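Please examine the sequence and the structure shown here before reading on.

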Amino acid sequence: MNDTMIDPIADPVAHSLELVVEKCGDPTDLVYKRLFADAPELEPLFLLDKDGSARGNMLSQILECFLDFSNNGNYAASMISCERTNHEHIGVPHDVFDSFFATIIDTFKDILGADWTPEIDKAWTSLIRDLNISVAGKA
Ligand code: HEM
């Protein structure tokens, strides 16, 4: 039992994010630790981000995009499409976006353990699938 404010049935994505924060606070360090373990070549891109604030801002913008899209919002796909172009200039290829999204979800799955329910898993799978279709439509 927890004090969740979000309806887990109506909004499993937001509910899972709330559970992540309840369990571990800010997940930023865990997400990037996993990213750099899976793709060590990406770590040097963040050398100028001495205090980790760019990493934190980036993750929080990505999560806001996920929440926007899962609530039928209309900015996430355009923003991700723009960021794909912007990030090309700092050496981030398009396909890294897909693997970073997978890294974020795998990190959350690990944090939640048994609380990562089939409903939450299904909601994230559809979210990423539909978001990618929408982003491709903006290209
Ligand atoms: C939806 C996807 C993404 C969004 C919305 C996004 C957004 C952002 C934003 C807003 C910043 C500036 C942060 C700040 O200076 O406060 C940033 C910087 C950066 N992003 Fe992303 N990003 C995305 C995906 C990625 C991916 C997949 C990578 C590769 C791992 C990446 C690598 C970087 C790097 C290297 C910086 C510069 C860090 C620095 O200033 O030293 N981004 N991103």
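## The ligand and its shell

The ligand is surrounded by 21 residues, and the closest are Phe-46, Asn-57, Met-58, His-87 and Phe-97; a residue is near a molecule if one of its heavy atoms lies within 4 Å of it. The model is predicted, so that local features need pLDDT of at least 70 and side-chain atom pairs count only at pLDDT 80 or more, whereas totals for chains, interfaces and linings use all residues. Residues are numbered from 1 along each chain as its sequence is written, and side-chain values use heavy atoms, with hydrogens and water left out.

H3 gives the most, with five residues. By class, the shell holds 16 nonpolar, three polar and two charged residues; Ala, Val, Leu, Ile, Met, Phe, Trp, Tyr, Cys and Pro count as nonpolar, Asp, Glu, Lys and Arg as charged, and the others, Gly among them, as polar.

## The largest pocket

Which pocket corresponds to the space taken by the ligand? That space is the largest pocket. On a 1 Å grid over the protein atoms alone, a pocket is an open set of points where a 1.4 Å probe fits, with protein on both sides within 12 Å along at least five of seven lines, and lining residues have an atom within 4 Å of a point.

The largest pocket has a volume of about 490 Å³, a volume being the space filled by probe spheres set on the points. It is lined by 23 residues, of which Phe-46, Met-58, Ile-62, His-87 and Phe-97 are the closest to its centre. H3 gives the most to this lining, with seven residues. The lining comprises 17 nonpolar, three polar and three charged residues.

## The second largest pocket

The second largest pocket holds about 230 Å³ of space. Among its 14 lining residues, Pro-8, His-15, Asp-115, Thr-117 and Ile-120 lie nearest its centre. Helix H1 (12-24) and helix H6 (118-138) each give two or more residues to the lining, and the largest share, five residues, comes from H1. Seven of the lining residues are nonpolar, three are polar and four are charged.

Notes: A molecule sits in a cavity or pocket if more than half of its atoms lie within 2 Å of its grid points. Helices (H or I, at least four residues) and strands (E, at least two) are DSSP runs, numbered from the N terminus.
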